[in-house]
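This report walks through one structure for a reader who has not seen it before. It begins with a record entry and then turns to domains, ligand and strands.

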Amino acid sequence: MDRVIVAGGGLAGVRAVEALRSKGYEGELTLISAERHKPYDRPPLSKAVLAGEVDDTTVDADWDGLRCELLLGERATALRLDAGRGGTVETTAGDRPFDGLVIATGATPITLPGDGPQHVLRTLDDSRRLRAGLTAGARVVIVGAGWIGAEVATTAAKKGCEVTVIEAADAPLANAVGPQVGGLTARWYAEAGIDLRTGVKVAAVEHGRLLLADGDHVAADEIVVGVGVRPEVGWLAGSGLEIEGGVVTDASLRTGRPEIVAVGDCAAWWSERYGRRLLVEHWDTALNAPDVAAATLLGQEASYDAAPYFWSEQFGKMVQYAGYHPVAERMVFRGDPAADKWAVCWLTGDRLDAILTVDRPRDLVQARRIIAAGTPVDPEAVADPGVPVRQA
Ligand code: FAD
């Protein structure tokens, strides 16, 4: 292999470049990214960047040292595969042949119908644009009380905006962690002076207002849509690679072609741990999975079997989650969820499947270790916030 292309210049892309070089790849290396910015970190976009505390989150990478050609502002538009190995990435600037390819094109926010202006939050430019509209007194209406919606609401409220959050489900975070746990965060909105309306569906974005499914309107100076993302895989249509939500890979992050791997928010990888395909949109996966993708591309044995992990900073609280709760049989609270600090664990028998913590970072670290090792826990100790989460 002597001509590798990395398509996508997010965290997964830059980490793939670094991992290829650190594992001894010596051939040509090119990173193609649709954005004109050098790869940067996205989590601060809904936090410190939006708040105006930070403006640059560029990933610290030595591009010269990495001997990587950086093609910014260039979009991959199609993939043509040769009969044997290798192929060509068609881009907005021409054809780029390769004999090894890392697909790391991430995800793109879903937008709502309607011809009114709507903000989404995925890129540095999105964040800067929205930041300019978050002035004191501005009526900011956020559609979606998921992770991004909650973080934008936090920042907008802090800046003195009049914030309304509209959520189709019956509770915030219902899609992510279920309505019971998600519902426990509803009071955080009230405490921040935010008008949270759940069970409300939006039909369209109009100029200066939202049209709701029941025909009502909600007036807004700024409309922010945070209703989820879809993997950025349209450019792979017709290539022959299997797409099922994201780019389908095995546990080694290999696609149906041995010289092509996929990683990060665009990849639907086979999890041996959970016996199913996972597609998570978490920074931790974009950080760590490229190591496996690079090893696989170079013909080394590797598989990605981490339990998912992410965090969110909302309403002055650190919310962290590790594991995968959909496989669990039951839920056990650790501490009173009406208090400021609490956690909830998901268990199957004495197996800890997942944990969500609110301002209990030590619980998270201990539980994450146990989840990773798959060692049994004492369910009674799990329910007692006075003792550490520990193995049985
Ligand atoms: P991306 O970061 O999406 O990068 C993909 C890159 O590929 C982009 O630069 C894109 O422009 C480019 N691209 C797309 N299509 C093409 C194409 N056809 N050709 C060339 N280039 C292309 N995770 C957490 O765990 N905790 C958090 O608190 C958290 N906060 C977040 C806040 C925000 C506002 C956002 C947007 C995400 C947040 N995340 C968080 C998620 C985390 O940032 C993502 O999981 C991570 O960025 C995924 O990295 P990636 O490299 O796979 O994809």
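## Domains, ligand shell and strands

UniProt lists residues 309-392 under "domain: Reductase C-terminal", in an unreviewed entry; UniProt positions follow the numbering used here, feature names are shortened, and annotations may be inferred rather than shown by experiment. This is a predicted model, in which local features need pLDDT of at least 70, side-chain atom pairs count only at pLDDT 80 or more, and totals for chains, interfaces and linings use all residues. Residues are numbered from 1 along each chain as its sequence is written.

The span 309-392 is 20% helix and 39% strand, and its end C-alpha atoms lie 23 Å apart. Helices (H or I, at least four residues) and strands (E, at least two) are DSSP runs, numbered from the N terminus.

The chain is assigned domain 1 (3-108 + 230-297), domain 2 (111-225) and domain 3 (316-382), with bounds from an automatic or database domain assignment. Between the C-alpha centres of domain 1 and domain 2 there are 30 Å. Eleven residues of domain 1 are in contact with twelve of domain 2, where contact means C-beta atoms, placed from the backbone, within 7 Å. On the side of domain 1 that touches domain 2, helix H2 (residues 48-51) gives the largest share, three residues.

The ligand is surrounded by 36 residues, and the closest are Gly8, Gly10, Gly106, Gly264 and Phe310; a residue is near a molecule if its C-beta atom, placed from the backbone, lies within 6 Å of it. Helix H1 (11-22), strand S2 (28-33), helix H8 (283-297) and strand S22 (309-314) each give two or more residues to this shell. Because domain 1 and domain 2 both contribute residues to the shell, the ligand lies between them.

Four strands form an open sheet in the order S17-S18-S20-S21, with mixed pairing. Strand S17 (243-244) and strand S21 (276-278) are at the edges with a single partner strand each, so one side of each has no neighbour in the sheet. Two strands pair if DSSP finds at least two bridges between them. Two pairs are set out below.

| Strands | Sense | Bridges | Residues opposite each other |
|---|---|---|---|
| S18 (246-249) and S20 (267-271) | parallel | three | Valine 248 and alanine 268 |
| S12 (202-206) and S13 (209-212) | antiparallel | four | Valine 205 and leucine 210 |

S12 and S13 make a hairpin with two residues between them, and glycine 208 in the turn has a positive phi of about 75°.

Definitions and conventions
Two residues are in contact if their C-beta atoms, placed from the backbone, lie within 7 Å.
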